[in-house]
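Here is a walk through one protein model, taken a step at a time. Have the sequence and the 3D view open as you read.

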Amino acid sequence: MPGLRIAPVFVLLTAGGALAATGCGGGGRLSHGDFVKRADAVCTAFRASTQQIARPRTYSDIVAYVRKTRPLYEAARIKLTSLNPPAKDEAAVRTWLAADKRISAALRDLGQAALRHDFPAVTAAAARVQSEGVASRHAAQTLKLQICSQT
C-alpha cells in the first residue's frame, strides 16, 4: 500500500536502549518535561528501527511489513505505557495510548487481510491505521511531544 504510515509512537519503539531511556523503576510520577523526553526517546528509537523497512505495495509486502513492524510498534507502545506521567497529563496520555493500541489492532487486521488477499478488508484496515494515526498524532501534540507527534 503506497503511503501506508504508522503513527510515530510510535510511531514509536524498540531497542534495549530505548528501554533504558524510558527509565524503568522509580515509583514516583515524572514531571511533564521528563515524560516528554522519555516518550520522545521511545518514539525516536522506534522510528530508527523501522526506517529501513520498505513500504508495502503487494499483499506479500503488506504481510512482511506487518510482521516486521507490528512487534516493534507493540514493544514501543508497552514501553510508553510503563511511563508514569504527571497526574495532570494522565487523561491525555490514556487517550494517546488508546489510539496507539487501536493502531496495533488495525495493523494486525491489515496483515490478516493481506494473507487472505482480501482487498476490501486490506483497504478498511489501512484506513483504520491512518485515521487512528491522526488521532494519535493529535493526542501527542496535545502533550507537546515532538517526535511522537510527527508523521
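**Along and around helix 4**

Arg-94 and Glu-90 sit 4 residues apart in helix 4, so about one helical turn separates them. Helices here (H or I, at least four residues) are DSSP runs, numbered from the N terminus. In an α-helix there are 3.6 residues a turn, so residues three or four places apart point the same way.

Before going further, a word on what you're looking at: this is a predicted model, in which local features need pLDDT of at least 70 and side-chain atom pairs count only at pLDDT 80 or more, while totals for chains, interfaces and linings use all residues. Residues are numbered from 1 along each chain as its sequence is written, and side-chain values use heavy atoms, with hydrogens and water left out.

Back to our pair. Arg-94 forms a salt bridge with Glu-90, and their closest N and O atoms are 3.7 Å apart. A salt bridge here means a side-chain nitrogen of Lys or Arg within 4 Å of a carboxyl oxygen of Asp or Glu. Arg-94 counts as exposed, at 53% relative accessibility, whereas Glu-90 is partly exposed at 29%. As for the cut-offs, buried means under 20% relative accessible area, exposed over 50%, and partly exposed in between (1.4 Å probe, protein chains only).

Arg-29 forms a salt bridge with Glu-90, with the closest N and O atoms 3.0 Å apart. Arg-29 lies in the loop between helix 1 (16-22) and helix 2, and Glu-90 in helix 4, so this pair ties together parts that are 61 residues apart in sequence. Arg-29 is partly exposed, at 42% relative accessibility.

How many salt bridges does the structure hold? There are 7. Another one of them joins the side chains of Arg-128 and Asp-109, at 2.8 Å from N to O. Arg-128 lies in helix 5 and Asp-109 in helix 4, so the pair ties together parts 19 residues apart in sequence. Both ends are partly exposed: Arg-128 at 34% relative accessibility, and Asp-109 with a relative accessible area of 21%.

Helix 4 and helix 5 pack at an angle of about 165°, their axes 8 Å apart. Axes are lines fitted to C-alpha atoms, for helices over the stretch in contact, and angles run from 0 to 180 degrees between N-to-C directions. That makes helix 4 roughly antiparallel to helix 5, a label used for angles over 145 degrees.

Now follow helix 4 itself from end to end. Just after helix 4, His-117 takes a positive phi of about 55°.

Finally, look inside. The largest nonpolar core has 34 residues, and Phe-35, Trp-96 and Leu-110 are among those with the most contacts inside it. Such a core is a set of buried Ala, Val, Leu, Ile, Met, Phe, Trp, Tyr and Cys residues joined through side-chain atoms within 4.5 Å. Helix 2 (32-50), helix 3 (59-82), helix 4 (90-115) and helix 5 (119-142) are the elements that give two or more residues to this core. The largest share, 9 residues, comes from helix 4.

Note on methods. Parallel < 35°, antiparallel > 145°, perpendicular 65-115°, else oblique.
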